[in-house]
Amino acid sequence: MKRRVVTIGPCTLFLGDCLEILPELGQVDAVVTDPPYGVNLGKTKNGQERDKKRGSYTGFSDTPEYVRDKVVPAVKIALSKAERGLVTPGTKNCFLYPPPCDMGVWFNPAGQSTGRWGFMLASPILYYGKNPKNIKQSGASSTWGSFERLGELKELHPCPKPLKFTQWAVKKASLEGETVIDPFMGIGTTGVACVNIRRKFIGIELEEKYFDVACNRIEQALKQGQFDFGGTAE
Ligand SMILES: C[S@@+](CC[C@H](N)C(=O)[O-])C[C@H]1O[C@@H](n2cnc3c(N)ncnc32)[C@H](O)[C@@H]1O
C-alpha cells in the first residue's frame with residue numbers, strides 16, 4: 001500500500017491505512033474522528049452505485065464487517081494513545097464500539113438519512129476519557145443545526161462533515177495548543193478545524209484523492225489564518 005507523510009505547519013498528514021500507522025505514533029491529547037459508518041455508502045443491495053454524483057468509496061468496502069474488523073480496532077488503538085476522544089460512529093453500527101463514558105447527539109432538524117425505524121433527525125456522539133474542561137465551562141454535550149450547506153465539498157467526498165460541526169467537536173474534546181488526531185481524516189475537515197482554533201493536528205487517510213484534497217484545504221486554512229501555535233489562553 002502506498003504511504004506518504006506531509007507536514008504542513010503544525011499538521012502531519014499520513015496517506016495509508018490507520019490500522020498500520022497508528023501503532024507507530026506517539027501519545028496525543030485527543031482523538032476526534034468521523035469513521036466510515038458501514039452503511040454500504042452509495043451502493044444498492046446488488047452493489048451498484050445509487051447516486052453517481054455522490055459515488056462510493058473505492059479503497060475499501062463500507063460494510064458492518066469493515067467497521068467491526070478494521071474501524072473499531074483502529075479507534076481502540078487511537079484512544080489508547082490519547083487522553084480522551086470524541087467519535088461520530090453513525091447510528092447503524094454504533095453498538096460495535098467500546099462503551100463510551102458519555103454520549104451526546106448531533107440533532108439535525110433537516111434530517112440525516114433513513115434508519116430502520118424511520119427518518120433520523122440525530123446522530124450519536126461518543127465521548128471517551130475525561131472532559132478537558134471544567135463542567136461549568138463545558139456547555140452542552142449535544143449540538144444541533146444543519147450548520148451550513150456542504151456545497152462543493154459534496155463533490156470532493158461522499159460524506160464530508162460540516163466545518164462548523166467539526167470545529168464544535170474539536171473545541172469540545174481539546175484545549176488550545178493540544179494535539180488532535182483523526183485516523184479517518186477524509187478531506188481533512190478536522191485538520192481545518194484544528195488550524196482555525198489553534199490545535200496541532202495528525203491526520204491519516206487511506207484514499208489518495210481525499211488525502212490530496214485534505215493537504216490543500218489545510219494549507220489554505222493555514223495561509224488564511226497565519227496563527228501562532230505558541231499557545232495562548234482560549
Ligand atoms: C466518514 S469519512 C470522514 C470524512 C471527514 N470527516 C471529512 O469531513 O472529510 C471516513 C474516511 O475514512 C477513510 N478510511 C477508511 N478506512 C481507512 C483506514 N483503514 N485508514 C485510514 N482512512 C480510512 C475513508 O477513505 C474516508 O475518507
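Colleague: Which helices and strands each supply at least two residues of the lining of the largest cavity?

Modeller: This is a predicted model, where local features need pLDDT of at least 70, side-chain atom pairs count only at pLDDT 80 or more, and totals for chains, interfaces and linings use all residues. Residues are numbered from 1 along each chain as its sequence is written, and side-chain values use heavy atoms, with hydrogens and water left out. Helices (H or I, at least four residues) and strands (E, at least two) are DSSP runs numbered from the N terminus. Those that qualify are strand 3 (28-33), helix 2 (64-80), helix 4 (163-173), helix 5 (189-196) and strand 11 (200-205).

Colleague: Which element gives the most to this lining?

Modeller: Its contribution to the lining of the largest cavity is 4 residues. The element is helix 2.

Colleague: What is the volume of the largest cavity?

Modeller: A cavity is a set of points on a 1 Å grid over the protein atoms alone where a 1.4 Å probe fits but cannot get out; lining residues have an atom within 4 Å of a point. Grid points are joined across faces, edges and corners, and the volume is the space filled by probe spheres set on the points. The search of the whole structure finds 1 cavity of 30 Å³ or more. The largest cavity has a volume of about 430 Å³.

Colleague: Which residues lie nearest its centre?

Modeller: The lining of the largest cavity comprises 39 residues. Nearest the centre are Asp 34, Pro 35, Phe 184, Met 185 and Gly 186.

Colleague: What share of the protein chain counts as buried?

Modeller: Buried means under 20% relative accessible area, with a 1.4 Å probe and protein chains only. Of 234 residues, the share is 50%.

Conventions. On a 1 Å grid over the protein atoms alone, a cavity is a set of points where a 1.4 Å probe fits but cannot get out, and a pocket is an open set with protein on both sides within 12 Å along at least five of seven lines; lining residues have an atom within 4 Å of a point.
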